[in-house]
Amino acid sequence: MTLLETLVQPVAATGMFANAWWMIGAPLAVAAILLLAGRVADAWGHFLAVAAVVFSFAVAACLFAQLLGRAVDARIVESQLFTWFSVGAWTFDVGLQVDPLSILFALLITGVGSLIHIYSIGYMAHDPRRRRFFAYLNLFVAAMLTLVLANNYLILFVGWEGVGLASYLLISFWQEKHSAAAAGVKAFVMNRVGDFGMLLAIFSMLVMFGGSSFTAVNHGAANLPPLWATLIGLFLLLGACGKSAQVPLQAWLLDAMEGPTPVSALIHAATMVTAGVYLVVRSHVLFEQSAIAQTAVVLVGTVTLLAGAWIGTSQDDIKKVLAGSTMSQIGYMMLAAGIGPAGYAFAIFHLLTHGFFKANMFLGAGSVMHGMHDDVNMRNYGRLAQYMKYTYWTFFCGYIAIIGVPLTAGFFSKDHIIEAAFHHNLIIGLCALLGAGITAFYMTRLMFMTFWSEKRWEPGVHPHESPKVMTIPLVVLAVLSLVGGAAMNWWIQTWLEPAAGNHAHEVALFTPIGGVTIAVVAAGVALGWYVFGRNPIPKVAPASRNPFTLVGRNVLYGDLINDSVAVKPTYALGRAAVATDDAALDGAVDGLARGFGGLSVVVRKLQTGYARSYALTMTTGVLLAAVVLILSQLA
Amino acid sequence: MNPENMLMLAAILFAIGGMGVMLRRNALVAFMCVELMLNAANLALVAAALMHGRLDGQVASFFVMVVAAAEVVVGLAIIVTIYRTRRTTSVDDANLLNL
């Protein structure tokens with residue numbers, strides 16, 4: 001285990017690495033084909049889409065294998081594709097960077113993406129616009145790969161906007177539902193706030209470093225004035241907050257569950273919402289220059305991990321519980337990413353395992369909805385473990401993975417983060433520990449309400465297991481949820497060194513803090529059983545005066561806060577602008593017109609129609625002119 | 001003959017013509033007054049030519065005559081047409097352009 005002394009320099013791409021753009025090109029081309037081909041492609045479009053993503057996965061796996069075979073200091077491979085445009089002294093190149101960090105993301109995106117594509121064949125089988133759905137999914141995969149494979153922030157931003165677009169299109173995929181259309185717009189607008197931060201960060205980089213490539217930024221960061229390091233860090237954090245649904249820009253994620261469930265699994269759990277974590281880890285050199293920015297990242301992560309868990313405890317919509325859980329888990333990743341060199345690998349580690357078990361559980365939720373006539377209210381579920389065996393057991397694997405039962409994926413990744421948080425700061429560590437307890441509580445609640453306890457089905461609902469095309473991806477993801485952590489625990493920190501910097505490795509399994517964590521998780525599960533397991537669950541949510549429950553049910557009043565902080569002032573500003581426009585600008589123009597109108601009423605009386613009076617006027621005018629001329633000659 | 005007297009005569013004729021245009025209602029008379037003004041101008045031009053011993057003024061007066069002739073053609077036609085439709089040649093009655 002060698003520690004690298006300095007940042008690894010990128011090497012030029014050769015061989016297979018020069019073809020890294022195939023990963024992006026294939027899904028992009030298929031998205032275009034599906035959108036342009038029209039109904040012709042209805043019959044086979046989804047197979048083509050699956051093939052494109054599987055192809056990307058194959059390329060990614062191939063590159064991964066090649067990277068494994070390379071020397072440690074040759075593992076950052078850059079391939080310049082073409083010059084996008086050049087203006088004056090600026091030249092903007094399009095290039096891809098395959099390194100240990102981006103290839104892990106590429107594998108996650110295309111791997112989980114492939115499984116979700118396959119699952120969607122079954123899930124969307126009866127949707128009249130299935131072809132378009134697959135086109136958008138492929139568009140998303142292409143954009144997400146652009147985001148993680150870019151070798152500079154500008155191209156990263158192109159992918160960043162591309163995933164935002166795909167997310168918008170897919171959230172509001174069932175556009176005939178007003179709530180879905182509104183949710184899409186909400187996600188898009190709230191992401192704009194984050195994009196604003198991204199743009200400011202990129203502009204600042206262009207000014208301070210003379211370019212936006214990762215190499216230029218990493219080299220220039222050491223000489224960056226502290227003020228600018230803090231500013232750029234905070235701008236990047238704003239961008240990350242928007243994309244990753246972190247407090248204060250968290251409110252869009254729960255509404256985003258209006259989209260089809262595979263979308264929630266792929267975009268709003270496994271990949272897109274983790275782009276903020278990727279951004280922070282990718283920019284770690286910048287964040288290390290500013291303690292303030294790092295502290296801000298830690299704070300945002302800690303607040304979000306508690307806020308998301310809080311939301312998860314009181315929602316009745318199964319997808320919204322999972323969405324709150326996603327926020328919470330991304331909060332853990334942010335926390336880890338903000339801690340510093342010790343946390344980067346843990347952030348990415350948790351991101352990968354979370355990608356497995358959360359995609360697994362979202363797809364499981366989709367399978368449950370599939371069997372329950374698209375009902376999402378857990379109060380209408382119950383006792384499904386008997387009726388949906390595959391769904392239940394795969395979901396159970398996700399459940400034990402997320403709460404961190406020893407030796408499952410979440411156990412490895414989350415405990416490392418909690419451990420690192422305790423080393424960083426006692427209060428942060430306690431918050432992370434508390435979050436783990438709440439996670440166990442709300443996931444137990446979800447399990448009781450959905451799979452255990454008694455039947456509370458609506459009349460006419462006959463739960464049935466989903467087809468094989470949906471259960472096989474579930475099984476694969478369930479296996480990954482169980483073994484993914486153990487597979488990467490001893491490997492990922494060394495692997496990420498070239499991209500994320502070096503630090504002392506932490507691979508210990510059963511530490512005192514780890515023991516406390518397991519105890520807290522067990523307490524959370526027990527509390528979940530005590531509250532929801534002992535007695536039958538009411539079919540209608542009981543009225544509650546408990547402030548914790550009320551705040552949780554209302555999603556922490558996020559909409560209310562946004563309404564009063566942003567929406568109402570914006571409306572007021574808009575109304576003021578309209579009033580000013582009406583009164584001042586339109587008033588001035590209208591007044592001028594009215595003035596001319598009144599003047600013309602007076603002046604047109606001169607037009608009497610009498611030729612003789614015209615003659616008089618003319619003569620008088622000529623005489624006056626003559627007098628003036630003569631007088632001026634005399635003077 | 002003293003050219004200054006010719007200029008005085010031209011001024012008097014012009015003034016008479018001008019007053020006629022402004023005061024007389026009959027279109028034919030007003031028209032004749034316009035001709036009077038034109039000829040007063042001609043007289044002034046010729047007098048100036050005499051004073052300076054050059055031909056320019058005389059040539060200009062020919063142009064004025066040509067213009068006057070053309071104007072008579074058009075003007076008389078208009079007056080005749082107005083008379084035919086309205087049975088009057090009073091310029092005060094031809095006031096359709098007022099409000």
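A:T391 lies in helix α16 (residues 389-403) of chain A; helices here are DSSP runs of H or I with at least four residues, and strands are runs of E with at least two, numbered from the N terminus. The model is predicted, so local features need pLDDT of at least 70 and side-chain atom pairs count only at pLDDT 80 or more, while totals for chains, interfaces and linings use all residues. Residues are numbered from 1 along each chain as its sequence is written, chains are lettered from A and ligands numbered from 1 in the order in which they are written, and side-chain values use heavy atoms, with hydrogens and water left out.

Is A:T391 buried or exposed? A:T391 is buried, because its relative accessible area is 0%. Buried means under 20% relative accessible area, exposed means over 50%, and partly exposed is in between, using a 1.4 Å probe and protein chains only. Not counting residues up to four places away in sequence, A:T391 touches A:G364, A:S367, A:V368, A:F451, A:E465 and A:L474; contact means heavy atoms within 4.5 Å. With one of these, A:S367, the side chain of A:T391 makes a side-chain polar contact of 2.8 Å. A polar contact is a pair of N or O atoms within 3.5 Å; within protein, one must be able to donate a hydrogen and the other to accept it, and residues adjacent in sequence count only if both atoms are side-chain atoms.

A:A291, in helix α13 (residues 291-314) of chain A, is exposed, because its relative accessible area is 56%. Its C-alpha atom is 9.4 Å from that of A:G338, 47 residues apart along the chain.

The largest nonpolar core has 198 residues, and A:L286 and A:M443 touch the most other members. A nonpolar core is a set of buried Ala, Val, Leu, Ile, Met, Phe, Trp, Tyr and Cys residues joined through side-chain atoms within 4.5 Å. Helix α15 (residues 341-371) of chain A gives the most to this core, 17 residues. Leaving aside neighbours within four places in sequence, the contacts of A:L286 include A:Y153, A:M205, A:F209 and A:V217.

Salt bridges come next. Over all chains there are 16 of them, each a side-chain nitrogen of Lys or Arg within 4 Å of a carboxyl oxygen of Asp or Glu. One joins A:R129 and A:E176 (3.1 Å, N to O). This pair links distant parts of the chain: A:R129 is in the loop between α3 (100-123) and α4 (130-149), and A:E176 in the loop between α5 (153-171) and α6 (178-209), 47 residues apart. A:R129 counts as buried because its relative accessibility is 19%, whereas A:E176, at 57%, counts as exposed. Another salt bridge joins A:D563 and A:K568 (3.6 Å, N to O). Salt bridges that share partners also join A:E161, A:R192 and A:D195 into one network.

Finally, chain B meets chain A. The contact takes 12 residues from chain B and 11 residues from chain A. Together the chains bury about 950 Å², 60% of it on carbon and sulfur atoms; buried area is the accessible area (1.4 Å probe) that two parts lose on being put together, summed over both. The rule finds 1 salt bridge across this interface, between the side chains of B:D92 and A:R612 (2.6 Å, N to O). It also finds 2 residue pairs in polar contact across the interface of chain B and chain A, both at pLDDT 80 or more.
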